[in-house]
Structures are given as C-alpha cells and as structure tokens.
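User: I'm new to this one. Could you walk me through how to read its sheet and its helix packing?

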Amino acid sequence: CAARRRFGAKLWLERGSKHILAQDEILAAAHGERPTALTISRELAGYQIADRIVIPSLHAQESFRRDAAAFRKLFRNAYGVDIRAFCPARAGAPCVPITFLYVGAWSVRKGCDVLAEAIRRAGVRLIHVGGIGDCPFPLADTNFLHCPSVPQSRLRNFYAEADAFVLASREDGFGMVLLQALAAGLPVTATDQTGGPDLAAKPGLSDRVFVAPAGDVETLAKMIKSLECRLLSAGRFTPLAPELRESLSWSAYGRRYSDELLRDVPQEKRECAPSTS
C-alpha cells in the first residue's frame, strides 16, 4: 500500500486456487485439512486491497462470482512448466499392468481417497510420488507403490516409466503436474477442479485430457479403464508437437502476463517508461 501511495503503483494479488471461502467449504465437506481463520481473514483482506487478482483456471474464476467486487478484478492465466525438464516419454508398448502416475501430496484435498477406490475398480497400477498427508495410503495393496518426494530433476524418470497420469483433486487451482505429464507425452485424467477442463479445451489436447467430476469414483474409474483399453490396443500416445509443448511453457505464461500488464498501464505511463532496448 505504501508503493501505491507514493508511486501510484497497482497491486496485483496472486491467488493460486479458488476463492478462500469456496475452498474452505469444499474441505469442510470432505473433512480435510482446512485453512485457518487467520489465513481466511488475510485472503479476504487481500481481495479488497488488490487492484487485480490473478487466478490460474476457469473453476477458480467461477468461485469468485460470490464476491462481485473481487470478480471484477480477475485475470486468468494458466500456469506453465519448464518443458526442457520433461522430455517426451518413450514410444511403443505400454506397461502391463498399465501404470498410472500421481505426483503430489496424498491427501483428502487431492481426492486420494477417491483415487484409491477408482484405481482398485479399474484394476490398474498406481505409482505415487510425494508426501503422505491426511489420507491413508493403501500400502498393503500391491497395485499401489509409494515413493517419497524427490527433487524436480528426478521426476522426469517417473514420467518416463508411466503410461498415463491421474489427478483426482477435490480442489486444486491448477495442477502443474498435469502440464509436466503432457510435456512428457502422457495422457491425463483429471477432475473438473484441477485445471483439467482448461487443458481439455485447448486445441490439440482434447484427445489426451479426460475430465471427471470431482468426488465421482465411478466416473473416474470408468475413464481410467477406458484409457487403459486405449493404451493396450493402440500403444502409448505420441509426443506433443513442438509448438503445442511450447504453449504449455513458462515463456508462454510470461507472455500472457506481460500483455495483460501492458493493457493495465495507462498509455502515458508507457510512453514515459525508460527503454529496455
């Protein structure tokens, strides 16, 4: 606020998920770990003082409709990924049994109770990479393999060995792991609360991004089973075209952000700004 008073600066607030009250309602209904009262009060105060609120996905945008003043401030910009770190997976025959990968916390918020049941019903294999949170991991089931968190530089090895990726979150602003999987050439199954719908609507991705309603075990299991059948009959998916991979990059994210920043700066201030050439 001092910068606003002294320099006339605009305040942009980054909100990586739904409106905090919508997020709290979802986690309360699922008996997951909820944001604290202090977190909620700070978030709401931030919405009030910000000039713009940056959110990553359509479902996050829709959650702000409850707050008309905040909704008018929104700028939606999907995240990116370092595409150099996630090389296309090997082509050819898939694993038997088909192996799905999930990277992230094993928690209620991430829908891992739903994911575990869907994997059992579909009869496929799941590799989980990440920490164990407030949801028990089915260690006794041989179709589930848990690996503790690893450095980003090692994640590419897990993507390379998997056949497909799955994200069952009840609430997830925009799962960047979906971008990692796509950059690695994997098809993804995700819920409608993850950024999955944003990706499925992107030209060139509709045939490899499959979206299920959050919390719907039956639909998720059917999608996983259908993808298993597709992989067994036709083999692994081909890598994305270079231009489509680049559209998922941090560079593409930065260009969208830069364009919006310029639109938000009055023309006279642009003309007074020092040249960067």
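User: In what order do the strands form the open sheet, and is the pairing parallel or antiparallel?

Analyst: Keep in mind that this is a predicted model. The order is β1-β2-β3, an open sheet of three strands with parallel pairing. At the edges sit β1 (12-14) and β3 (74-76), each pairing on one side only. On average, neighbouring strands here are turned by 25° against each other, ignoring direction.

User: How many bridges join β1 and β2?

Analyst: Three bridges, in the parallel sense, link β1 to β2, which covers residues 52-55. To find the spot on screen, look for E14: V54 in β2 stands opposite.

User: Which helix lies across the strands?

Analyst: That's α12 (residues 250-264), which lies across β1, β2 and β3 and runs at about 150° to β1.

User: Now the helices. How are two packed helices described?

Analyst: By the angle between their axes and the distance between those axes. Here, take α7 (residues 152-161) and α8 (residues 176-183): their axes come within 10 Å and cross at roughly 60°. The crossing of α7 past α8 is right-handed.

User: Which residues of α7 and α8 meet?

Analyst: From α7 you have Q152, L155 and Y159, and they meet V177, Q180 and A181 of α8. Sorted by type, this contact of α7 with α8 has four nonpolar residues, two polar ones and no charged ones.

Note on methods: Residues numbered from 1 in each chain as written. Predicted model: local features only at pLDDT ≥ 70, side-chain atom pairs only at ≥ 80, totals over all residues. Heavy atoms only, no water. Pairing = 2+ DSSP bridges. Helix = DSSP H or I, 4+ residues; strand = E, 2+ residues; numbered from the N terminus. Axes fitted to C-alpha atoms, helices over the stretch in contact; angles between N-to-C directions. Contact = heavy atoms within 4.5 Å. Left-handed = near helix turned anticlockwise from the far one by under 90°. Nonpolar A, V, L, I, M, F, W, Y, C, P; charged D, E, K, R; others polar.
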